[in-house]
Amino acid sequence: MMSSSSLLLLVVLPLASAFVGPAVQPSPAVSRTVLNAYVPDGLTPDQYSKLKNKEKEQAKKKDFGAGGARGFKSRSMQSFMLAYERGEAKHLFPVNPDKVRQGKIALKDVPYMQRGGSWDN
């Protein structure tokens, strides 16, 4: 008759093999994957690189972000609070563009953020 420790060993040993990972096979030294760059349909790689260079040159001529993220020049909170305390500024609320077009609201009364201007004009 088997002892309880040898019976336990027979039960636990096959379960322990589940925790052993598979044998790692060495990877080949040279990858056989071919890497291709993106080229749109209808263009050769040379044509596409010329197009990208042309667009890059055009982008250098533009001044992105000159008017801020939304096309207006923002002001600091400190600047606003000082002007507000002196009575030179007030809280700005959006206006209905239709009322501006109809002439019911003057353009000078449209908040700078909505008209795309600057807080100091």
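Arg101 counts as exposed in this predicted model, because its relative accessibility of 66% lies over the 50% cut-off. The side chain of Arg101 takes part in a salt bridge with Asp98, and the closest N and O atoms of the pair are 2.5 Å apart. Asp98, for its part, is partly exposed, with a relative accessibility of 40%. Both residues belong to helix H4 (residues 97-102), where a spacing of 3 residues separates them by about one helical turn. Side chains of opposite charge can pair when their charged atoms come close.

Another of them joins Glu57 to Lys60, with 3.6 Å between the closest N and O atoms. These two residues sit in helix H2 (residues 45-61), 3 residues apart, or about one turn of the helix. Lys60 is exposed at 60% relative accessibility, whereas Glu57 is partly exposed at 43%.

A further salt bridge brings together the side chains of Lys108 and Asp109, at 3.2 Å from N to O. Here Lys108 is exposed, with 69% relative accessibility, while Asp109 is partly exposed, with 44%.

Turning from charged to nonpolar side chains, a surface patch of about 460 Å² is made by Leu7, Leu8, Leu10, Val11 and Val12. Val12, one of these residues, is found in helix H1, which covers residues 4-16. The relative accessibility of Val12 is 42%, so this residue counts as partly exposed.

Note on methods
Residues are numbered from 1 along each chain as its sequence is written. This is a predicted model: local features need pLDDT of at least 70, side-chain atom pairs count only at pLDDT 80 or more; totals for chains, interfaces and linings use all residues. Side-chain values use heavy atoms; hydrogens and water are left out. Patches are made of residues with over 30% relative accessible area and no salt bridge: like charges are joined within 9 Å, nonpolar side chains (Val, Leu, Ile, Met, Phe, Trp, Tyr) within 5 Å. Accessible areas come from the Shrake-Rupley method with a 1.4 Å probe; for residues, only the protein chains shown count as cover. A salt bridge is a side-chain nitrogen of Lys or Arg within 4 Å of a carboxyl oxygen of Asp or Glu. Helices (H or I, at least four residues) and strands (E, at least two) are DSSP runs, numbered from the N terminus. Buried means under 20% relative accessible area, exposed over 50%, partly exposed in between (1.4 Å probe, protein chains only).
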